[in-house]
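User: Hey, I've got a structure to look at and I'm new to this. Can you walk me through it?

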Amino acid sequence: MASNVNPTVRRRRLGQELRRLREQKNMTAEQVADRLLVSQSKISRLENGRRSISQRDVRDLCGVYEVDDERIVGSLMQMAKESRQQGWWNAFGDVPYSVYIGLETAAASLRIYQSLVVPGLLQTRAYAEAVIAGSSPEVTAADVEKRVNVRMRRQDRIRETEQPLRLWAVFDEAALRRVVGNEQIMREQLDHLVEASELPHVTVQVLPFETGAHPGVTGQYAILEFPEESDSSVIYLEGVTSDLYLEKSDDVHNYSMMYEHLRAQALNAEQTRKFIVDAAKKYAR
């Protein structure tokens with residue numbers, strides 16, 4: 001696969017274009033489904049980019065939408081072809097949350113709130129292994145190693161020299177106090193957090209217990225933003241058996257405002273570094 005082709009992004013852009021063509025014809029997804037003798041859910045999944053789309057699907061949809069310009073049809077067909085290629089994560093086999101990985105790989109910035117553990121992009125290998133093994137006790141050792149390797153590979157985005165991912169991470173003090181693995185692992189993890197927080201494109205903030213109730217008590221989430229204006233921001237909510245992706249402007253606005261409140265209530269970057277250094281002393285024995 002060409003290094004600059006991200007199949008997840010291609011699916012999103014293709015889905016957005018197909019939705020635009022449908023709306024131009026003033027057709028509902030149900031009407032299109034009836035014309036093609038498929039389910040309405042298939043049309044919806046194609047348009048939201050959560051399902052791979054074949055060139056045949058594109059051809060059939062262009063027929064329904066009466067797209068006569070062969071250049072447009074050819075461009076959409078090429079996008080469909082690229083959307084079925086493999087991302088780097090496919091080399092690791094069946095990986096949970098692969099859609100999210102594709103979005104994260106293409107994102108320009110990521111704002112994330114975590115309540116119980118250190119965010120994955122800032123985890124050490126030992127800490128990640130302990131988190132994954134502890135949170136998924138029925139997963140085999142081989143699968144734990146695979147997931148750890150994927151998590152470490154994801155961290156390449158914040159180590160890039162030319163266009164690194166701009167990361168803003170807010171997390172609860174509980175992530176510093178909960179002993180994951182053992183005290184040595186925790187000490188190494190907190191030292192790593194301090195080092196990462198000094199990168200110019202990484203901001204780390206802690207919400208101390210004394211903050212009390214705050215907008216993050218409802219659960220963790222992430223806000224992904226992309227370099228292309230045509231790619232709408234995405235709110236990612238992680239679930240146990242399935243994930244939720246929100247792209248409506250109202251949802252993005254509401255979660256973004258919540259995040260602004262979180263940032264305002266958290267310790268600033270310098271206070272956070274001192275707070276983490278002090279917390280690490282507990283594990284210095």
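User: Which exposed residues sit on the face of helix 2 turned away from its buried side?
Analyst: Those are Asp34 and Arg35. Keep in mind that this is a predicted model.

User: And which residues of helix 2 are buried?
Analyst: Helix 2 runs over residues 29-36, and its buried residues are Ala29, Val32 and Ala33.

User: Where are those three around the helix axis?
Analyst: They're on the same side of helix 2, because they cover an arc of only 100° around the axis.

User: What covers them?
Analyst: The cover includes helix 1 (7-24), helix 3 (40-48) and helix 4 (55-64).

User: What happens just after helix 2?
Analyst: Leu37 comes there, with a positive phi of about 60°.

User: Switching topic: which residues touch the most other members of the largest nonpolar core?
Analyst: Leu122 and Leu224 do, in a core of 39 residues. Helix 11 (residues 183-197) gives the largest share of this core, six residues.

User: What else is there apart from that core?
Analyst: There's another core, of 20 residues, and Ala29 is among them, along with Val64, Val67 and Leu76.

User: Okay, now Ala279. Buried or exposed?
Analyst: Ala279 has 1% relative accessibility, so it counts as buried, and buried here means under 20%. You'll find Ala279 in helix 13 (residues 269-280).

User: Which residues is Ala279 in contact with?
Analyst: Setting aside neighbours within four places in sequence, Ala279 contacts Leu176, Arg177 and Leu190.

User: How many residues apart are Ala279 and Ser242, and what's the distance in space?
Analyst: They're 37 residues apart in sequence and 34 Å apart in space, going C-alpha to C-alpha.

User: Zooming out, how many helices and strands does the protein have?
Analyst: It has 13 helices and six strands. The C-alpha trace spans about 70 × 40 × 35 Å along its principal axes, and buried residues make up 47% of the 285 residues.

User: Last one: how many positive and negative side chains are there?
Analyst: There are 38 positive and 41 negative ones, and the centres of the two sets lie 2 Å apart.

Terms used:
Residues numbered from 1 in each chain as written. Predicted model: local features only at pLDDT ≥ 70, side-chain atom pairs only at ≥ 80, totals over all residues. Heavy atoms only, no water. Helix = DSSP H or I, 4+ residues; strand = E, 2+ residues; numbered from the N terminus. Buried < 20%, exposed > 50% of the residue type's maximum accessible area, 1.4 Å probe, protein only. Lys, Arg positive; Asp, Glu negative; His and termini not counted. Charge placed at Lys NZ, Arg CZ, Asp CG, Glu CD. Core = buried A, V, L, I, M, F, W, Y, C linked by side-chain atoms within 4.5 Å. Arc of directions from axis to C-beta. Contact = heavy atoms within 4.5 Å.
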